[in-house]
Amino acid sequence: MSFPILHQKRMHWFLLILAGLFEVAFAFCLGKARLSSGNEMWLWYTGFAISLILSMSLLIKATQMLPIGTAYAVWTGIGAAGTALLGIIVFKEPAGFLRVFFLVMLIASIVGLKAVSPHH
């Protein structure tokens with residue numbers, strides 16, 4: 001693999017991770033909007049819309065070089081794990097042993113998908 005392609009692939013992985021973080025951001029905005037009213041609620045919905053557009057745009061860009069199955073699984077995994085962690089930390093949702101265990105397994109699966117992703 002030539003250096004420019006390796007550099008492009010790393011950039012696409014970075015974009016994919018960023019897309020997943022924006023997925024967490026739009027879920028966070030939804031949660032905050034649910035707890036708000038009036039103008040504050042609409043500000044959170046605006047944050048939701050902006051985060052959604054950024055997440056989808058970055059996902060589209062990342063899938064131009066990365067395998068769609070891996071990219072989509074990683075994107076949704078980052079979103080699911082990040083949103084569950086935010087739920088525990090910010091929204092005070094329960095953090096029982098099994099819930100944390102499966103979150104760790106989800107994160108390990110995301111890292112595993114990255115590790116076994118085709119390198120061509």
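At 13% relative accessibility, Phe26 falls under the 20% cut-off and therefore counts as buried. This value, like those below, comes from a predicted model. Phe26 lies in helix α1, and its contacts, leaving aside residues up to four places away in sequence, are Phe48, Ser51, Leu52 and Ser55. Phe26 and Gly79 are separated by 53 residues in sequence, while their C-alpha atoms are 9.3 Å apart in space.

Helix α1 also contains His12. With a relative accessible area of 9%, His12 is likewise under 20% and so is buried. Beyond four places in sequence, His12 touches Lys61, Ala62, Gln64, Met65 and Leu66.

| Residue | Relative accessible area | Contacts beyond four places in sequence |
|---|---|---|
| His12 | 9% | Lys61, Ala62, Gln64, Met65, Leu66 |
| Phe26 | 13% | Phe48, Ser51, Leu52, Ser55 |

The largest nonpolar core has 13 residues, of which Trp13, Leu16, Ala19, Leu59, Leu66, Val74 and Trp75 touch the most other members. Helices α1 (3-34), α2 (38-62) and α3 each contribute at least two residues to this core.

Helix α3 covers residues 68-89. Its 22 residues, at 1.5 Å a residue, should span 32 Å, and the end C-alpha atoms lie 31 Å apart, so the two values agree. Buried positions in α3 include Ala71, Val74 and Trp75, as well as the glycines Gly77, Gly79, Gly82 and Gly87.

Technical notes
Residues are numbered from 1 along each chain as its sequence is written. This is a predicted model: local features need pLDDT of at least 70, side-chain atom pairs count only at pLDDT 80 or more; totals for chains, interfaces and linings use all residues. Side-chain values use heavy atoms; hydrogens and water are left out. Helices (H or I, at least four residues) and strands (E, at least two) are DSSP runs, numbered from the N terminus. The expected span of a helix is 1.5 Å times one less than its number of residues. Buried means under 20% relative accessible area, exposed over 50%, partly exposed in between (1.4 Å probe, protein chains only). A nonpolar core is a set of buried Ala, Val, Leu, Ile, Met, Phe, Trp, Tyr and Cys residues joined through side-chain atoms within 4.5 Å. Contact means heavy atoms within 4.5 Å.
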